[in-house]
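User: I have a model open and want to go through it piece by piece. Can you take my questions as they come?

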Amino acid sequence: LTDGPLRGRRVLVTSGPTHEPIDPVRYIANRSSGAQGTAIARALADLGAHVIFVTGPADVPPPEGVEVIRVETAQQMLDAVQDALPVDAAIFAAAVADWRVKDAASSKMKKDKGGLPRLEFAENPDILAHVAQMTEGRPTLVVGFAAETDDVFANATAKRARKGCDWIVANDVSDGTGIMGGAENDVTLIAGDGAEDWPRMGKTQVAARLAERIAQALG
Ligand code: C5P
């Protein structure tokens with residue numbers, strides 16, 4: 001599809017979890033399914049954008065009609081994002097692991113060798129903050145997500161300022177909402193000039209509405 005308001009636009013979407021290796025057979029991960037990021041990539045492509053979809057190991061398959069770049073770790077995701085630039089808009093829907101195991105073992109750790117393993121952690125690069133704070137070649141629109149369990153609005157507003165992105169899509173992923181891994185989402189879109197509370201709706205509908213807003217913002 002090459003028609004639509006985003007025709008001729010390059011848009012980057014990150015999605016899914018990252019896997020951070022402990023050794024060649026073990027990793028640290030999180031519960032992200034990749035459903036919301038996948039829906040956003042599809043919605044942007046439906047509006048005619050050229051979508052570069054950088055995805056960690058997600059539960060759901062990537063959409064048709066986008067350029068798929070598969071990664072495992074946060075560091076690989078950062079490299080893929082940098083390779084994809086420049087873009088008109090960048091949407092960071094991935095649940096990137098905050099920490100990786102420092103000096104992951106290059107062969108399988110053995111149970112019978114010297115008691116319990118002791119894992120040391122290192123901080124992963126913050127991909128969203130990195131792109132949002134670029135001084136040269138920054139995308140026109142940089143959108144982050146904030147999955148929070150408490151004080152969603154206050155935390156997400158602070159996160160928007162800290163990361164330097166244009167918009168934050170905030171959602172409540174506390175226990176009982178059924179949002180993480182579920183089909184619906186309940187979001188607040190926080191921009192520089194105010195916030196919009198969207199009604200709870202399917203992730204596909206959230207994606208379509210966000211894609212429309214992105215098309216408007218890019219003009
Ligand atoms: O800081 P926190 O992980 O809550 O921020 C969430 C937002 O930042 C999401 O948009 C996520 O994709 C992005 N992020 C990132 N790289 C990280 C951590 C988060 O791009 N290392």
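User: What does the side chain of Ser33 reach at 3.1 Å?
Analyst: The backbone nitrogen of Ala35. That is a polar contact, meaning a pair of N or O atoms within 3.5 Å; within protein, one must be able to donate a hydrogen and the other to accept it, and residues adjacent in sequence count only if both atoms are side-chain atoms. Bear in mind that this is a predicted model, where local features need pLDDT of at least 70 and side-chain atom pairs count only at pLDDT 80 or more, while totals for chains, interfaces and linings use all residues. Residues are numbered from 1 along each chain as its sequence is written, and side-chain values use heavy atoms, with hydrogens and water left out.

User: Where is Ser33, and is it buried or exposed?
Analyst: Ser33 sits in the loop between strand E3 (26-28) and H1. Helices (H or I, at least four residues) and strands (E, at least two) are DSSP runs, numbered from the N terminus. Ser33 counts as buried because its relative accessibility is 10%. The classes are buried under 20% relative accessible area, exposed over 50% and partly exposed in between, with a 1.4 Å probe and protein chains only.

User: Which residues is Ser33 in contact with, leaving aside neighbours within four places in sequence?
Analyst: Ala58, Asp59, Val60 and Gly181. Contact here means heavy atoms within 4.5 Å.

User: On to the ligand. Which residues surround it?
Analyst: Phe92, Ala94, Val96, Asp98, Pro125, Asp126, Ile127, Leu128, Gly144, Phe145, Lys159 and Lys163.

User: Which backbone atoms come up against ligand N or O atoms?
Analyst: A polar backbone atom of Ala94 is 2.6 Å from a ligand oxygen. For Ile127, a polar backbone atom is 3.0 Å from a ligand nitrogen. Phe145 has a backbone N or O atom 2.8 Å from an oxygen of the ligand.

User: How much of the ligand does the protein bury?
Analyst: The protein buries 85% of the 440 Å² that the ligand exposes when taken alone. Accessible areas come from the Shrake-Rupley method with a 1.4 Å probe; for residues, only the protein chains shown count as cover.

User: Now the inside. Which residues touch the most other members of the largest nonpolar core?
Analyst: Leu44, Ile91, Leu210 and Ile214, out of 34 residues in that core. A nonpolar core is a set of buried Ala, Val, Leu, Ile, Met, Phe, Trp, Tyr and Cys residues joined through side-chain atoms within 4.5 Å.

User: Which elements build it?
Analyst: Those giving two or more residues include helix H1 (35-46), strand E6 (89-92), strand E9 (141-148) and helix H5 (203-218). H5 gives the most, with 7 residues.

User: And what does Ile214 contact, apart from its neighbours within four places in sequence?
Analyst: Ile214 is in contact with Leu44, Ala89, Ile91, Leu141 and Trp167. There is also a second, separate core of 26 residues, with Met77, Ala80, Val142 and Cys165 among them.

User: Backbone geometry next. Which peptide bond is cis, with omega near 5 degrees?
Analyst: The one from Leu85 to Pro86. Pro86 is in the loop between helix H2 (74-84) and E6. Most residues other than glycine have a negative phi, and most peptide bonds are trans.

User: Which residues have a positive phi although they are not glycine?
Analyst: Asp103, at about 55 degrees, and Asp151, at about 45 degrees, are examples. Asp103 lies in the loop between strand E7 (99-101) and strand E8 (121-123), and is exposed at 67% relative accessible area. Asp151 is in the loop between E9 and helix H4 (152-163), also exposed, at 60%.

User: How many salt bridges are there?
Analyst: The search of the whole structure finds 10. A salt bridge is a side-chain nitrogen of Lys or Arg within 4 Å of a carboxyl oxygen of Asp or Glu.

User: What does the pair of Asp88 and Arg9 tie together?
Analyst: Their side chains meet at 3.6 Å, N to O. Asp88 lies in the loop between H2 and E6 and Arg9 in the segment before E1, so the bridge ties together parts 79 residues apart in sequence. Arg9 is partly exposed, at 24%.

User: What about Arg26 and Asp23?
Analyst: They form a salt bridge at 2.4 Å, N to O. Arg26 is partly exposed at 34% relative accessibility, whereas Asp23 is buried at 2%.

Conventions: A residue is near a molecule or strand if one of its heavy atoms lies within 4 Å of it.
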